[in-house]
Amino acid sequence: MRKIAGFLFLIMLVSVFTSACGTPEKEVFDVDFTGNTGPVDLEGANIVYKVYIPSDQSADTICLGYEIDTVFADMAAQRLKDVESNLNCNFEMIYDTGSAGEYFTAAVSGTFVSDVVMGVSDIWADIARTGGMLIGLSELGDYIDYRNEEKWGYSNMLEVVAFEDDVYGVTPLYWPDVSVYVRTPIVVNENLIASLGETDPRDYIENKQWTWDVFEECLGRYYVEESGEVKHYSITSGFGDFGSMFALSNGNSYFVKNSSGKYISGLYTPETMKAMQRCVEILSGPNSHTINSTGNAVDSLISGTTVMGALKSTEIIGVGGRIAREMDNYGILSWPHGPDVEPGYIFGYYSNIQNCIAFSRASNNPEAAAKAIDALYEPFDEYPTMDSVIDFMSKAYFFDERDSQVYYQMYFNSSYNYFHYGMSNILSDWANQSKSVSEYLESNEGSISEFIEEYVAPAKRGLDAIFGSK
């Protein structure tokens, strides 16, 4: 039986879910509680909360980002009821697989869609840039503690929803499964490692030896071919993941601030160029045949046709995460690091926040909505600290405490790659083309500078305005 099965059980009656996530008629309230030092009373405010869910899910399978019939869905439903009772309000929940692009139409027409919305962050970033439909969180600072980075996501994670002088979304960091989205952890088929009699690569991370050299050696040792037939590859990963991760592996971010305070590409630093060159050497070197660059990493890991695979976190755990459901034993690795960082350096990147919460300017009472959301996403009583969340993840989803530690450290030390605006191609295309690294960077210098001016600098200014320059 898969490990996760022990943590999923049915404890919710239909009547409980209906009362917690029901959809009564909308009312209009105008509540002023800024000076209230006692218990908050939202005077029956009806808060329409729209949650966009994966296309393969339905409204009766999800509660606040969790699959029904799981421990956390039950806890989320109970929290909804508690907040409604304690704050004297009502959540009108709407779950939708449709397009969040309706908020663009609403911005033009002034149509009300919801007071609060949760969905993939790139659409909220676009709306923030076009203006008009989302409320910058600095306007709601009296009602939601959005600067509390441990509750609502560290500032580097909110770069995707920052613009000019504000941020336009948050994610509940202490709600396991819901908040984390990171690319690209390496998942290890531990059964294959054992059958090879090889060193578990998690040992290299624990001993702070997971370097470029060790990684390349492992590629040569983990590959098995018999009678011309590939039994399993050492790693399955597209060139994009290779390039994106190696660009960060020697200590830099994709974009950095120079001595003059101007944001520039991090690719042109000596440390990053060294990392990029080493990546090209590995991809074209004597162990290149051990790398499957076109296969499906999830299927390959589960079927045992690869020892390691580069995956998105959502393919590992959470709604639709097949690895935790279907693999008997797996490990989690960061990518190897270079010589110019401290031994044991762990890093990652992200392209979106999968469950990002934003507030609509069309709301009749955004203050009440912000207050209710702030209360709704308090840490669960059972998991009040990040250590307790990581401990839970170790027991529920992973097979070794080292796995959850690496998983979260990758997340905390992630850089935003501006995937939505097309920058991810430039950040990784160099790994699979005929030009040298220096030639590639030189040929793209102008377009990267323009991109930074149009997209990166405004987002960085938004973070600086809210969290201060770091």
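Reply: For the lining counts, Ala, Val, Leu, Ile, Met, Phe, Trp, Tyr, Cys and Pro are taken as nonpolar, Asp, Glu, Lys and Arg as charged, and the others, Gly among them, as polar. The model is a predicted one.

The largest pocket holds about 840 Å³ of space. Its lining is made of 40 residues, and the ones closest to the centre are Pro54, Thr314, Val319, Gln354 and Asn355. Taken as a whole, the lining of the largest pocket has 22 nonpolar, 13 polar and five charged residues. Strands β1 (45-52) and β3 (66-67) and helices α2 (71-87) and α14 (386-396) each supply at least two residues of this lining.

The second largest pocket has a volume of about 520 Å³. Here 27 residues form the lining, and Asn156, Glu159, Ser253, Phe255 and Lys460 are the closest to the centre. Two of these five, Glu159 and Lys460, belong to the charged class. Two or more residues of the lining come from each of β11 (255-257), β18 (414-416) and α17 (437-467). Helix α17 has the largest share, with four residues. By class, the lining of the second largest pocket has 11 nonpolar, 11 polar and five charged residues.

Next, the strands. Strand β15 covers residues 330-333; Tyr330 and Ile332 point one way from it, Gly331 and Leu333 point the other way, and all are buried. Strand β8 (residues 183-189) runs antiparallel to β15 and is joined to it by four bridges. Within this pairing, Val188 stands opposite Gly331.

Strand β8 also brings up the backbone. Most residues other than glycine have a negative phi, and most peptide bonds are trans. The bond that joins Arg183 and Thr184 is cis, with omega at about 0°, and Thr184 lies in strand β8. Two residues that are not glycines have a positive phi. Asn88, at about 55°, is found in the loop between α2 and β4 (89-96). Asn88 has a relative accessibility of 36% and therefore counts as partly exposed. Ser227 has a phi of about 50° and is placed in the loop between β9 (224-226) and β10 (229-236). Ser227 counts as exposed because its relative accessibility is 83%.

As for the cysteines, a disulfide is a covalent bond between the sulfur atoms of two cysteines. The structure holds zero disulfides. Cys218 is in none, and its nearest cysteine sulfur, that of Cys279, is 16 Å away, against the cut-off of 2.5 Å for a disulfide. Cys218 has a relative accessible area of 0% and so is buried. Cys63 is likewise buried, with a relative accessible area of 0%.

That leaves the charged pairs. The count comes to 25 salt bridges. One of them joins Glu206 and Arg402, with the closest N and O atoms 2.8 Å apart. Glu206 is in helix α7 (residues 201-206) and Arg402 in helix α15 (residues 401-412), 196 residues apart, and the pair therefore links distant parts of the chain. Glu206 is exposed, at 51% relative accessible area. Arg402 also meets Asp400 in a salt bridge, at 2.9 Å from N to O.

A local pair is found in helix α12 (residues 322-326), where Arg322 and Glu326 lie four residues apart, about one turn of the helix. Their side chains meet in a salt bridge of 3.0 Å, N to O. Arg322, at 30% relative accessibility, counts as partly exposed, and Glu326 is partly exposed with a relative accessible area of 30%. Salt bridges also link Glu190, Asp200, Arg202 and Asp403 in a network.

Notes:
Residues are numbered from 1 along each chain as its sequence is written. This is a predicted model: local features need pLDDT of at least 70, side-chain atom pairs count only at pLDDT 80 or more; totals for chains, interfaces and linings use all residues. Side-chain values use heavy atoms; hydrogens and water are left out. Buried means under 20% relative accessible area, exposed over 50%, partly exposed in between (1.4 Å probe, protein chains only). Two strands pair if DSSP finds at least two bridges between them. On a 1 Å grid over the protein atoms alone, a cavity is a set of points where a 1.4 Å probe fits but cannot get out, and a pocket is an open set with protein on both sides within 12 Å along at least five of seven lines; lining residues have an atom within 4 Å of a point. Grid points are joined across faces, edges and corners, and a volume is the space filled by probe spheres set on the points. A salt bridge is a side-chain nitrogen of Lys or Arg within 4 Å of a carboxyl oxygen of Asp or Glu.
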